[in-house]
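This report describes the predicted fold and chain contact of a two-chain model. The sequence and the coordinates are shown first, and the description follows.

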Amino acid sequence: MKPGFFIKEAFRSISRNAIPSFAAMASVLVTVLVLGVFIPVVQATTGAANEVRSRVLVDVYLKRDATQQDAARVKALLNDNVAHVGKVEFVSKAQAYAQEKRRNPEAYTLLGTNPLPDTFRVTPDKPDNALALRNALMHPNVSGGGSSPIDGAIDSVKNRKDETSKILTATRVVKLAMGALAILLVVASILLISNTIRLSLFSRRREVEVMKLVGATDSFIRWPFVIEGVVLGALGGVLAVALLGVGKVALLDPLASDFALIAAPKTIGLPLLAALLLLASVGVSAAGSSISLRKFLRV
Amino acid sequence: MAIVERHKQELERQAAPGDRAPAVVEFRGVSKQYGPTDRGIEDATFSVQRGEFVFLVGSTGSGKSTLMKLLIKEIDPTAGTIRVAGRDLSEITRKKVPFYRRNIGVVFQDFKLLPDRTVYDNVAYALQVTGRSRKEIRAKVPDILRLTGLATKLHSFPDQLSGGEQQRVAVARAFVNHPPLLLADEPTGNLDPETSVGIMQLLYRINRTGTTVLVATHDATMVDRMRRRVLELHDGRLIRDEYNAGYAQSDLNTAEFGALLREPAPKPRRRSVTDDIDDIFSS
């Protein structure tokens, strides 16, 4: 009889307090909707930023007269002795020549010989370490002023320094901004929902007081409120997820083919997102109502 | 009057037979200090026996509500012991308080009804709380509402009732669990004199079924007319404990009792310093 009684109580209270109930549901709906839009946006943005960052490279040019043995030695050195090395790709003179020739056939036919050196394209283990990697490849000169490569066969080490640091700063700013926005949004959601719950409970503080005076135990008072919170949270969550689904089908999918950002592969799938959001809305509402109630239960 | 009979049986079943029944309420040196200089009750000692009808009087701020709150364990005393039906209240843990409160009916000045429930549901809630079956609730609630004269208002909401009717609902709710003790904190404070008499008659009727009734009120003249036991508080101190049972015949019926309430009051006999001196010499 008891669970049935609690559920009946919860629905009675929802229908008797239609307006506060609607407000609570609407606040859950809005929050879930905003979160549902924002989570994929954050993911797409950071994904795009990471993709840009992954293009940061350090080029190690060998001397033109370097032999196969030199190349092998430098490769071993890069792989084993230098910090921050992620991936090493060897581009031989011939490969480089072929690549460049494809890009600019006339100039290279005119040139006749191959002026290009053997090159190692070194990807740093983390994009942020690109400059550190470059420094690791150079010995500071004992006599002061400038630096020389760590191996005699290396002619120079380049990483288009300006560009690298620009990319790094820009993507870092984007990521930080997104992170800050996400935190703000989560805080705002929690405040909004807890405030709505507190308001609707505050209006029923007297009711709780009376229940306590009649001899109701805490759980007897709490269960209907928690069920009410779950019902309203689920209702708001379901509506918001439905809106998100409609929005995705109606707005996003037609645009996806035109915009790379929207089509970014690493965003969360809609079913998973929907499940997470539903879970969160129900959980937050239930926890919120039972926690807010605790204050009023101390009569 | 089936409900009255049933209530009598209920009470007799609850009181262990042959056992020397302890006082329903016993205060021993009870003090309640709200702050360093702010005292609610100071060193109160008295006891109330089963079946008594006791008035608690005093002006606002004299400690009546503090005493009531102590009795329902809404607050704890800073000193002394309170026993209700032989049970020390300080031994009741917070978790057990709801179960303790089910043995006490409480009526308040502001009625404290649940605003979004009908009269029937308000009374039924007190039974639902204790986990009674739906069948039992359906049998008891209309019965008790008939006793309180609300048989035609079962499905009205509190805001559709007059003050007197709302207070009758509150009394019905307090009484439906057959509590051995019924507390009323200014039950007539919001009501006109004629309606107040009706509520008092109702409380008297409940008292006659064997329930101990403790009524707090600041309406001293009304109390004096009733010729019942009177406890008077002033500034947190108990200054009067007068057994006036002799003035009224103990077996008045409700109509006679109502007539009594409308009579002019005898002069109250307050305890003064000279009484204390008399006590010293006489003992």
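Over how many bridges do strand 1 (residues 25-33) of chain B and strand 2 (residues 39-48) of chain B pair, and in which sense? The two strands pair in the antiparallel sense over 6 bridges; strands count as paired if DSSP finds at least two bridges between them. Helices (H or I, at least four residues) and strands (E, at least two) are DSSP runs, numbered from the N terminus.

The model is predicted: local features need a pLDDT of at least 70, side-chain atom pairs count only at pLDDT 80 or more, and totals for chains, interfaces and linings use all residues. Residues are numbered from 1 along each chain as its sequence is written, while chains are lettered from A and ligands numbered from 1 in the order in which they are written.

**Confidence**

The predictor gives the complex an ipTM of 0.75 and a pTM of 0.68. For chain B the average pLDDT (the predictor's confidence in each residue, from 0 to 100) is 84, and 84% of the residues score at least 70. Within chain B, confidence is highest in strand 7 (residues 181-185), at 94, and lowest in helix 10 (residues 273-282), at a mean of 65. Over residues 245-250 of chain B the pLDDT falls below 50, and this stretch has 7 contacts in the model beyond near neighbours in sequence. Where pLDDT is low, the predicted coordinates should not be read in detail.

**Strand pairing in chain B**

Strand 1 and strand 2 of chain B form a hairpin with 5 residues between them. Val30(B) has Ala44(B) of strand 2 as its bridge partner. Strand 1 of chain B is also joined to strand 4 (residues 79-84) of chain B, by 5 bridges in an antiparallel arrangement, and here Val25(B) stands opposite Val84(B).

A mixed open sheet of chain B contains 6 strands in the order 6-7-8-3-9-10. Its edge strands are strand 6 (104-108) and strand 10 (237-242) of chain B, each pairing on one side only. Neighbouring strands of this sheet are turned by 15° against each other on average, direction ignored. Strand 6 and strand 7 of chain B run parallel and are joined by 5 bridges, with Leu181(B) as the bridge partner of Ile104(B).

**Helices of chain B**

Helix 2 (residues 64-71) of chain B lies across strand 3 (53-57), strand 7, strand 8 (212-217) and strand 9 (229-234) of chain B. Helix 6 of chain B lies across strand 6 and strand 7 of chain B. The axes of helix 6 (residues 163-175) and helix 7 (residues 193-208) of chain B come within 10 Å and cross at roughly 15°. Helix 6 of chain B is therefore roughly parallel to helix 7 of chain B, a label for angles under 35 degrees. Axes are lines fitted to C-alpha atoms, for helices over the stretch in contact, and angles run from 0 to 180 degrees between N-to-C directions. Residues of this contact include Val171(B) and Phe175(B) of helix 6 and Leu202(B) and Ile206(B) of helix 7 of chain B; two residues are in contact if their C-beta atoms, placed from the backbone, lie within 7 Å.

An antiparallel open sheet of chain A has 4 strands in the order 2-3-1-6. Strand 2 (85-91) and strand 6 (154-158) of chain A stand at the edges, each with a single partner strand, so one side of each is left without a neighbour in the sheet. On average, neighbouring strands of this sheet are turned by 20° against each other, direction ignored. Strand 1 (residues 58-62) and strand 6 of chain A pair in the antiparallel sense over 4 bridges, and Ile154(A) of strand 6 is the bridge partner of Leu62(A).

| Helix | Reference strand | Angle |
|---|---|---|
| Helix 3 (residues 68-81) of chain A | strand 2 of chain A | about 165° |
| Helix 2 of chain B | strand 7 of chain B | about 145° |
| Helix 6 of chain B | strand 6 of chain B | about 165° |

Between the chains, 11 residues of chain A are in contact with 16 residues of chain B. Helix 1 (2-16) and helix 8 (205-214) of chain A each supply at least two residues of the side of chain A that touches chain B. The largest share of that side, 4 residues, comes from helix 8 of chain A.

Technical notes. Parallel < 35°, antiparallel > 145°, perpendicular 65-115°, else oblique.
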